[in-house]
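Subject: Structure for your review

Dear colleague,

Please find below the structure that I am handing over to you. My findings follow it.

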Amino acid sequence: MKLSGLIALAFASVAYGHTIFQKVSVNGADQGQLKAIRAPTSDYVSVSSTWGLQDRLSSPYQPIQDVNDPDLACNKNIQFRDGNIINIPAGSRVGAWWGHVIGGAQIPNDPDNPIAPSHKGPVAVYLSKVDDAVSTGTNGLKWFKIAEDGLDTSTGQWGVDRMIQNGGWQYFNMPTCVAPGQYLMRVELLALHSAYSAGGAQFYVECAQINVTGSGTKTGTDFVTFPGAYSANDPGILINIYDSKGVPNNSLKPYSIPGPKVLQC
């Protein structure tokens, strides 16, 4: 391959705007890279540094765009999965950290870390009560939503914008009423920049293995399954978020985040 072709390949790799949930924090304490996280990996491309490029440029995994994909619960091609479980007290402040590739930035000063800013949309968090968060599969699990962050119509900012401003951290509160026990915690980012055509919405999802502590009594309401929770024609999934000037603010109209209502304590 000619030099120009290799350089084009390398920059095409850099241009991907994808993201991976890969860390959890509890009340400000970072629990560690990929600890208790089920996550895919990235494929690496070797490029000579004499061209002024990094030796290891990676091509992040592809998002899920089919709402009926059997891996919509916790993603596909899981490469990272360990035996850890993170303890999260009910009522605590929890963070989910996103990075462009495993480890964060793909290149120095990566403009698409934690995700390309064009990828506007909401973020959400679900739980599923399980007997053993380490060994459980995802088929047949029932999920309930505990947090979501959508569009602020006063500013035109999305949940993704706030995550980017927080350096990749998506923050939410673990509801005080969640019953103690083990859960899979499903963290979702829905990018809507291409959602104006069917199948254009992009789902980024990973799961964490957690143990909730406290004295709560609720193990969920408004249960859904993945797949099954979403319709391809849901107005929050099949939507043109651009106004007449091309600004991705949904014309400052209310936006309904797909899925069930958030658990109320």
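In this predicted model, an open sheet is built from four strands, ordered 2-1-7-10 and paired antiparallel. Strand 2 (29–30) and strand 10 (169–173) stand at the edges with a single partner strand each, so one side of each has no neighbour in the sheet. Strand 10 is joined to strand 7 (residues 93–99) by five bridges, and the two run antiparallel. Within this pairing, Ala-96 has Gln-170 of strand 10 as its bridge partner.

Strand 8 (residues 123–129) runs antiparallel to strand 11 and is joined to it by seven bridges; here Val-123 stands opposite Leu-189. Strand 11 also pairs with strand 12, again in the antiparallel sense, over eleven bridges, and Val-187 stands opposite Glu-206 of strand 12. Of the eleven residues in strand 11, ten are buried.

Turning to the aromatic side chains, the structure holds nine aromatic pairs. In one of them, the ring centres of Phe-144 and Tyr-183 are 6.4 Å apart and the planes stand at 75 degrees, so the pair is edge-to-face. Phe-144 belongs to strand 9 (residues 144–149) and Tyr-183 to strand 11 (residues 181–191), so this pair ties together parts that are 39 residues apart in sequence. Both Phe-144 and Tyr-183 are buried.

The pair of Phe-203 and Tyr-230 is arranged otherwise: the ring centres are 5.4 Å apart and the planes lie at 15 degrees, so the pair is stacked. Phe-203 is in strand 12 (residues 202–213) and Tyr-230 in the segment after strand 12, so that distant parts of the chain, 27 residues apart, are linked. Phe-203 and Tyr-230 are both buried. They also belong to one aromatic cluster, together with Tyr-126, Trp-143 and Phe-226.

Arg-186 lies over the face of Phe-226, at 3.7 Å from the ring centre, while Lys-129 lies over the face of Tyr-183, at 5.6 Å from the ring centre.

Most residues other than glycine have a negative phi, and most peptide bonds are trans. A cis peptide bond joins Asn-113 and Pro-114, with omega at about 10 degrees; Pro-114 is in the loop between strand 7 and strand 8. Another cis peptide bond joins Phe-226 and Pro-227, with omega at about 0 degrees, and Pro-227 lies in the segment after strand 12. Asn-250 is buried, at a relative accessible area of 5%. Leu-252, likewise in the segment after strand 12, has a positive phi of about 60 degrees and counts as partly exposed at 42% relative accessibility.

Finally, a word on confidence. The average pLDDT of the chain is 89, and 86% of the residues score at least 70. The pLDDT is below 50 over residues 1–16, a stretch with 24 contacts in the model beyond near neighbours in sequence. Residues 44–60 also have a pLDDT below 50, with 46 such contacts beyond near neighbours in sequence. Where pLDDT is low, the predicted coordinates should not be read in detail.

Yours sincerely

Notes: Residues numbered from 1 in each chain as written. Predicted model: local features only at pLDDT ≥ 70, side-chain atom pairs only at ≥ 80, totals over all residues. Heavy atoms only, no water. Phe/Tyr/Trp six-rings, centres within 6.5 Å; stacked < 30°, edge-to-face > 60°. Buried < 20%, exposed > 50% of the residue type's maximum accessible area, 1.4 Å probe, protein only. Lys NZ or Arg CZ within 6 Å of the ring centre and 35° of its normal. Pairing = 2+ DSSP bridges. pLDDT = per-residue confidence, 0-100. Contact = heavy atoms within 4.5 Å.
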